[in-house]
Amino acid sequence: MASTEGRSADVAEKTEKKPVVGKEGDQNIDIVDVDVDAVEEELDLYVPLKMDGSFVDQHDPLTARAVIIGIVLGSLVNASNLYLGLKTGFTFAASMFGAIFGYGIIKLASRTTIPIIGGSFGPQENSIVQAAAQGAGGITGIFVAGIPAMYQLHAQVGSPKDQFGAIITITLVCSFFGLFFVAPLRKFFIIQVGRELKLLFPTATAVALTIRSMHAGVAGAGEALSKLKALSLSFAAALIQRVASYYAVGIFWAMNIESWGWWFEWTPAFIGSGILIGMNSALSMFGGAVLAWGIIGPLLVHYGECIGKRQVEDDPRWTDWYSFASLSNLGHETPSPRYWLLWPGVLIMVATSIAELFVQYKVIGYAGKVVWQKICANINFVLTKRGKNSTYFATRAEREVKASENIIEDPAPAHEQVPLWAWTTGLVITVAVGMVIFELQWGMNPGLTVLACVLAILFSFDNSPLTAASKASQLIFGAATKGHFSVKDAQRVNLVAGGLASGAADVAFSLTSDFRTGFLLGTSPVKQWYAQCLGSIVSIFLAPGMFVLFTTAYPCILDASAEHCAFAAPSVSAWAAVAQAVTDPDVSIPLTSGIFSIVMAVFCVGQVIFRHFYLVGEREKYRQYLPNWGAVALSFVLPNPVFTTAALFGATLAWLWRKWNIKSFDLYGYAVAAGFIAGEGLGGVVGAILQISGVSGDILGTTAGCPAGYC
């Protein structure tokens, strides 16, 4: 792993920072930072990787075993993400988990002579495993954000269990719209502007490097076995710790609870995420938490701008224990610090993401030329086939639009690309079906459905699409529905339309990341597309099913007034608050919060401009010291600093680990982190099953160590 050809992790610390930190409910998490300059000195990551000479040439890596194993592994991540998203507001990608575990399972099976199961196993098939896992592990974001928020606001009556079919149709439209519209954009993102924009897609690149290293002959197999053992042990440890904590939550889970959230939680998922995201992102998150919950929040309460609520009213021993994160009863009482802080967080996210897009105006213009050239080429093809001719379309069809001198040829030949008929037919059918479904089931007119689809396409051009999509879409639909719907109808449309825009962008980003992994490993794009489509079919039913499981086990998830719920559901509360603010005339943004939000947004936009136009050439090395404002904004949106503290703890462990033994971190770091994340999430699924079975910790366990008996 220490060699140039095999390393996959020591490229992670010094990074060209992008606002890609986490997936706050519905926001995309890219789990690995990649040092563009350091990597490029050793490997050119904008061309396919050079493979070990012992690799077997795989003519058809899209095998039944790869797809099935990938779907099974992705399903585990899908289930765990419902728990993690409802508990913390964050979800995680399935790619690294699927790549490492998939290697171990299929490598063992490949040694047999059983048809279909046995046979050679190489990196291209490994990338199919992770693509199927990505598909099966996706589309959970809408179920930890907009959909439950709709029930909390009573904008939708009934229960998810009773409306299971209607919920499935949302996932169907989101998944397939994302899969179809982004398919023709593969060449643009991965090849034509990849080098110019330094679009490394850090997680996808790390997955490709990890897959290559695991298949690098005998040495690679040994390292792969070590990774698999590390992932398995960390996965099992996190799962056991999470399940055990249900029966002694105050001992195994939380320590030193304080009103402002400055306590430590033994959450393997966030310790693992800290290992992966690097010190800049972790310090930015922690710095944002200090600013929000250590300085601004207490000052707001001190001067009466915001208030807290007592956690226990009838016990004098706990009169000083308050919650400052309530988002209930908005518009009818002085808001909490969390509501005040929500708006700077939202505006920073939106402003930073939009600024990142606008500074690339040349690339956006180039994208427009490429799209128009492709449209002209297709129109000219149809006309020629019918014996007709158009000089205008023929001339433009022949013009090959070039991005720069450094552009490379697409290594995938035409027959390995996603067929034109497949994505165009699928796109038209999906939009048409979506217009009907959203009109009949959710009361959203076809025009708003089309608007949501357009926003999904636009947000896919962001390197971290959901950072902007999740909140910007709500603001846009708030304006679009103003005066045309009742308050509750407007809130339902706002949340469903925002879910469509952000969910489709999430799927599109996942597929683009898969294309990036496949590009580096030489995997056929259409094979990856098929694999992710097959995985997505499973997730369309699995994610709603897990949502019903959790809301049945913990009905408080759908009750905004519930106190001491096992799930804080921070993204749900944030989506509900934004929906209320843009639809309910009784709910407004505090003036001081609005002013502060604008000031912070202007400052963040200024940093984007400064970084993009001034920190270039010899000064580019200083970019790594700038704060990651996407990470800072997440700390403003989260209900307390507990998760940022755990992430900083994990990042510090990773930093010390690298200093102590970089080879050891290369070998075990990513695997341990992936195991922690998936293990805790699956432990949450076990907890939901125990809850429904009547043998959960709140019945058979102890609350020792919990303040007033609540944890």
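These legends describe close-up views of a predicted model. Local features need pLDDT of at least 70 and side-chain atom pairs pLDDT 80 or more, while totals for chains, interfaces and linings use all residues. Numbering starts from 1 along each chain as its sequence is written, and side-chain values use heavy atoms, with hydrogens and water left out.

**View 1. The chain as a whole.** The secondary structure comes to 27 helices and four strands. Both are DSSP runs numbered from the N terminus: helices are H or I with at least four residues, strands E with at least two. Of the 711 residues, 61% are buried. Buried means under 20% relative accessible area, exposed over 50%, and partly exposed in between, using a 1.4 Å probe and protein chains only. Among contacts between residues at least 6 apart in sequence, 82% join residues at least 24 apart. A contact means heavy atoms within 4.5 Å.

**View 2. The second largest pocket.** Its space is about 980 Å³. Its lining has 32 residues, and the closest to its centre are Pro-184, Leu-185, Lys-374, Asn-378 and Trp-423. Two or more lining residues come from each of α6 (164-182), α7 (186-192), α15 (361-385), α17 (420-442) and α18 (446-459). Helix α15 gives the largest share, eight residues. By class, the lining has 23 nonpolar, four polar and five charged residues. Nonpolar covers Ala, Val, Leu, Ile, Met, Phe, Trp, Tyr, Cys and Pro; charged covers Asp, Glu, Lys and Arg; the others, Gly among them, are polar. On a 1 Å grid over the protein atoms alone, a pocket is an open set of points where a 1.4 Å probe fits, with protein on both sides within 12 Å along at least five of seven lines; lining residues have an atom within 4 Å of a point. Points are joined across faces, edges and corners, and the volume is the space filled by probe spheres set on them.

View 3. Gln-491 is found in helix α20 (residues 487-521). It is buried, because its relative accessibility is 1%. Its side chain makes a polar contact with the side chain of Thr-583 at 3.4 Å. Such a contact pairs N or O atoms within 3.5 Å; within protein, one must be able to donate a hydrogen and the other to accept it, and residues adjacent in sequence count only through side-chain atoms on both sides. Beyond neighbours within four places in sequence, Gln-491 contacts residues including Leu-153, Ala-579 and Asp-584. Helix α22 (residues 570-583) has 13 of its 14 residues buried, so the rest of the structure largely encloses it.

View 4. Val-587 lies in the loop between α22 and α23 (591-614). At 4% relative accessibility, Val-587 is buried. Leaving aside neighbours within four places, the contacts of Val-587 are Leu-330, Gly-331, Tyr-339, Gln-580 and Ala-581.

View 5. All 14 of the 14 residues of α4 (residues 123-136) are buried, so α4 is largely enclosed by the rest of the structure. Ile-139 sits in the loop between α4 and α5 (146-152). Its phi is near 60°. Ile-139 is buried at 3% relative accessible area. His-154 lies in the loop between α5 and α6. Phi of His-154 is also near 60°. His-154 is exposed, at 59%. Most residues other than glycine have a negative phi.

Definitions and conventions: The expected span of a helix is 1.5 Å times one less than its number of residues.
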